[in-house]
2 protein chains.
Amino acid sequence: MALQQLTAQRLFEGWQKRFSHRSKTLQCDMQFSVYLPPQAEFHQVPALYWLSGLTCTDENFSAKSGAQRIAAELGIALIIPDTSPRGEGVPDAADGAYDLGLGAGFYVNATQAPWQQHYQMYDYITQELPKLCQANLPLTAQKSISGHSMGGHGALVIALREPELFCAVSAFAPIANPVQCDWGKKAFSAYLGEDQCNWDVYDASLLMTKLGSQLPMLVSQGEADQFMATQLFPEQLRQAAEASGTPLQLEIHPGYDHSYYFIASFIEQHLRFHAGYLLNNPLVE
Amino acid sequence: MALQQLTAQRLFEGWQKRFSHRSKTLQCDMQFSVYLPPQAEFHQVPALYWLSGLTCTDENFSAKSGAQRIAAELGIALIIPDTSPRGEGVPDAADGAYDLGLGAGFYVNATQAPWQQHYQMYDYITQELPKLCQANLPLTAQKSISGHSMGGHGALVIALREPELFCAVSAFAPIANPVQCDWGKKAFSAYLGEDQCNWDVYDASLLMTKLGSQLPMLVSQGEADQFMATQLFPEQLRQAAEASGTPLQLEIHPGYDHSYYFIASFIEQHLRFHAGYLLNNPLVE
């Protein structure tokens, strides 16, 4: 069996499950979480992929977002991967920093030593994990993607680069212009090398300016977010959307910070946004 | 100022706050969490006190229950205390066990050394904390109480012993007959001594059999709860309610376990239950 079920817990009449599997892409054992809504006992359901931020595993969003309540109502599965490869032999930042290595894969395919053997999170999220889930879980082929902070960056980059994979994209407080901020510069230098030409394909603002997109796109940002001015740069994304004619729905929420309390407050809006495309627009295979 | 505000985070248009204060009852510095719904900016609101279970602090319920969404809609504050005294000089279990000492105050007034100086959680919850909150936060005098596991035990015991303090009580998977289970026997022996006559005033099933109650009372229990048969004994509570004519609403939910996923699934029902008494039955002072 490709998937080993580690836990199954009843939640809003559906099931919160945790799985382990051997990842060929990442060359390590990986764990991820899934919420299957009650409807999945009777028919296949579409899936929202959620990419978490720095320091997270698959468990933070599962425990703190409250997303499963709405997913249960709407009949949408949630697929929640880890944020980096893990386990013995997987390199970490030499100084144990939170923003490089374990918990900080940045959803790129690393090209530099010592990272390139395991840190292939872009391919894991776009290829291996969806194939694995669709082969082993009661899912339709319809998918959308969302994420928070580093995961918001991942969701936007993936959706901009591969618009055929997901029918909608959203993000909470994404790192919207990573080539310009310290988090992005540090991670991209390590994973992709010093030549900044290789960074641009992982920068949502640069990709959007160049490619544009007609994908439904919702971004929420807390105005009291302690990282907004130094790491996130939502204004760059807004300008990229204007320049490229991308229909970005960018909402700034006064008083909200960078935490899961911000996500919890607006996840219902995001799930209903995704449901409009996941449920009304079935992909015929 | 009696209360020092540690953090304030926007959540569902209200505020999640954390406070520190010197507790005279517990003779140590204590922290607790509060959710103030948006209505509290305009007028005083009633409060639900939430007592957490073994190993928890005030942060578990705050982060995982999703209760604030419904509290924001209904206009109810949430007061979330810690589960034991804390800090330097406060004794812990000699072997660091999770079910005695720090994180395991069991909401009793300890009479035995070395516990009796600090472990006065019953008085802290019923007297010092409500006075402190009502003097410093925008609260009406209307209060109700709920809790989980050890905290469900605490909520039921307090409501049965002091029915004038709270207008309704509910519990998730409470330790319903602690004098009969290992968790209760261990804690009560340590805190109250070997004479079991001193234990009965902290046992919800025994109190209910003896005193009965006309307080609105809702108890939810997961049928797949790994502790139901060995530690919780909901059947004893049901029998006590029958014997005493107490209108207990006891609901058994197939498939649900002892975790916060169970609480998250049914907290909305509990909050609407409390709201029926907190909001329609104003206490005139």
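**Interface of chains A and B**

In total, 100% of the interface residues of chain A are interface residues in chain B too, so the copies meet through the same surface; contact here means heavy atoms within 4.5 Å.

Biologist: What kind of model is this, and what is left out?
Modeller: This is a predicted model in which local features need pLDDT of at least 70 and side-chain atom pairs count only at pLDDT 80 or more, while totals for chains, interfaces and linings use all residues. Residues are numbered from 1 along each chain as its sequence is written, chains are lettered from A and ligands numbered from 1 in the order in which they are written, and side-chain values use heavy atoms, with hydrogens and water left out.

Biologist: How many residues does each chain bring to the contact?
Modeller: Chain A gives 22 residues and chain B gives 22 residues.

Biologist: And what area is buried between chain A and chain B?
Modeller: About 1,800 Å², with carbon and sulfur atoms giving 53% of it; buried area is the accessible area (1.4 Å probe) that two parts lose on being put together, summed over both. A:Arg10, A:Tyr256 and A:Tyr261 supply 35% of the area that chain A buries against chain B, more than any other three residues.

Biologist: How many salt bridges are there across the interface?
Modeller: The rule finds zero between chain A and chain B, a salt bridge being a side-chain nitrogen of Lys or Arg within 4 Å of a carboxyl oxygen of Asp or Glu.

Biologist: Which element of chain A supplies the largest share of the side that touches chain B?
Modeller: That is α9(A), with five residues. Helices (H or I, at least four residues) and strands (E, at least two) are DSSP runs, numbered from the N terminus.

Biologist: What rotation superposes chain A on chain B?
Modeller: A rotation of 180° with 0.0 Å of shift along its axis does so, at RMSD 0.0 Å. The two copies are thus related as by a two-fold rotation axis. In chain A, the C-alpha nearest that axis belongs to A:Lys64, 2.5 Å from it. The superposition is by least squares on the C-alpha atoms of residues with pLDDT of at least 70 in both copies.

Biologist: Changing topic, where does A:Phe12 lie?
Modeller: A:Phe12 is in the loop between β1 and β2 of chain A. Its phi is positive, about 50°, although A:Phe12 is not a glycine.

Biologist: Is A:Phe12 buried or exposed?
Modeller: A:Phe12 counts as buried, at 17% relative accessibility; buried means under 20% relative accessible area, exposed over 50%, and partly exposed in between (1.4 Å probe, protein chains only).
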